[in-house]
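Welcome to a short tour of one protein model. Have a look at the chain first, and then we will walk through some of its residues together.

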Amino acid sequence: MMKRQPKIGLALSGGGARGFGHIPVLEALDEMGIRPTVITGTSIGAVIGAGYAAGMTGTDIHNYALSLFKNRTDVLGRLWQLRPKRMRDLFSEAGFAIVQFDAERVMETFLPPGLPDTFEDLAIPLKIVATDFYGRKEAVLDSGPLKPAIAASAAIPMLFRPVRIGDQVMVDGGVMNPLPFDLIADDCDIVIAVDVVGGPVDRGKGMPGSLEAIYGSTQLLMQSIMAEKMRCDRPPEVVISPPVTSRVLEFMKAASIINGAQPVKDDVKSLVEKAMARLTARR
């Protein structure tokens, strides 16, 4: 009697530009001939997870990222077109200047062309995590319009305006669940969790700037959440932490981030093979 193929789940964390470190992991899975049964992601993990769930290969995503962020002038031109047009949108309630981009418009501009409009049209089931701001809870989005869900998951406070989906106001999913492996644990034999959250790095320049302090503090909070979740009854069978040292907003370093994370491919193959062997031994 032929045994069924193991169900493999893939969980991709948030981390801003550090999320390019997810790409070599996808390339390693492709080289092993493994396609996940289900994918879940938060923030940049939702962005990359959506492309992978739509049928793009790791190499496809790699090439798209390089083409998108190879020209600083082109990227800045796109962002200039997306800037708030009304003067009042340039100021916070406290009265000081702060530019918050429309996350949905940004996603429409930067997501790969041909990405399906709905979750139902994806090749692989996808669960996206956002945060219900007023509901004070995690929101799991897995049906209906896809791009607003990605935008909601990636709506980093200070950088993006919140996104409204139905009667809920959404912000970055990393606030509640930065690495959502728990959402797929019960449906999979093996869960591969990829953590690119990172944390503050002392670069020998003294005190951190305001943005570095804000994003670094957020990273510390997310690390605390993940550490607590790892103590749950069913932690992921495989945990991958690609070697990424960039800051959260260094998207123009896509090439160096991806190249720097390439050594993780050997770790992915080794750890997944060991997890598969353990699963086979138990059957």
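Between which two strands does the loop with Arg136 lie? The loop that holds Arg136 runs between strand S3 (126-132) and strand S4 (137-141). Before going further, please keep in mind that this is a predicted model.

**How confident is the prediction?**

The protein chain has an average pLDDT of 91, and 93% of the residues score at least 70. One stretch to treat with care is residues 90-97, where the pLDDT is below 50. In the model, this stretch has nine contacts beyond near neighbours in sequence.

Let us return to Arg136. Its phi is near 60°, a positive value in a residue other than glycine. Most residues other than glycine have a negative phi. Arg136 is exposed, because its relative accessible area is 71% and the cut-off for exposed is over 50%.

Ser43 also belongs to this topic, with a phi near 55°, which is positive although the residue is not glycine. You can find Ser43 in the loop between strand S2 (38-42) and helix H2 (44-53). Is Ser43 buried or exposed? With a relative accessible area of 5%, Ser43 is buried, since buried means under 20%.

Now find helix H4 (residues 72-81) and helix H5 (residues 103-110). The axes of H4 and H5 come within 10 Å and cross at roughly 145°. The crossing in which H4 passes H5 is right-handed. On the H4 side, the residues that take part are Val75, Arg78, Leu79 and Gln81, and they meet Arg105, Thr109 and Phe110 in H5.

Leu79 is partly exposed, with a relative accessible area of 28%. From Leu79 to Gly41 there are 38 residues along the chain, and their C-alpha atoms are separated by 24 Å.

Ala65 is found in helix H3 (residues 58-68). What does Ala65 touch, not counting residues up to four places away in sequence? The partners are Phe20, Ile23, Ala254 and Ile258. Ala65 has a relative accessible area of 5%, so it counts as buried.

Met222 sits in helix H7 (residues 210-229). Its relative accessibility is 9%, so Met222 counts as buried too. Met222 touches Gly174, Pro178 and Val197, again not counting residues up to four places away in sequence.

**Distance in sequence and in space**

How far apart are residues along the chain, and how far apart in space? The table lists some pairs, with the distance taken from C-alpha to C-alpha.

| Pair | Apart in sequence | Apart in space |
|---|---|---|
| Met222 and Met176 | 46 residues | 8.1 Å |
| Ala65 and Tyr52 | 13 residues | 13 Å |
| Arg283 and Asn259 | 24 residues | 38 Å |

Met222 and Met176 are 46 residues apart in sequence and 8.1 Å apart in space, while Arg283 and Asn259 are 24 residues apart in sequence and 38 Å apart in space. Arg283 has its place in the segment after helix H9 (264-282). At 39% relative accessibility, Arg283 counts as partly exposed.

**Why are there no disulfides?**

How many disulfides does the structure hold? The count is zero. To see why, look at Cys188: the closest cysteine sulfur is the one in Cys232, and it is 14 Å away, too far for a bond. A disulfide needs the two sulfur atoms within 2.5 Å. Seen from Cys232, the closest cysteine sulfur is in Cys188, so the 14 Å gap rules out a bond from this side as well.

Cys188 is buried, with a relative accessible area of 6%, whereas Cys232 is partly exposed at 31%.

Technical notes: Residues are numbered from 1 along each chain as its sequence is written. This is a predicted model: local features need pLDDT of at least 70, side-chain atom pairs count only at pLDDT 80 or more; totals for chains, interfaces and linings use all residues. Side-chain values use heavy atoms; hydrogens and water are left out. Axes are lines fitted to C-alpha atoms, for helices over the stretch in contact, and angles run from 0 to 180 degrees between N-to-C directions. Helices (H or I, at least four residues) and strands (E, at least two) are DSSP runs, numbered from the N terminus. A crossing is left-handed if the near helix is turned anticlockwise from the far one by less than a right angle, and right-handed if clockwise. Contact means heavy atoms within 4.5 Å. pLDDT is the predictor's confidence in each residue, from 0 to 100. Buried means under 20% relative accessible area, exposed over 50%, partly exposed in between (1.4 Å probe, protein chains only).
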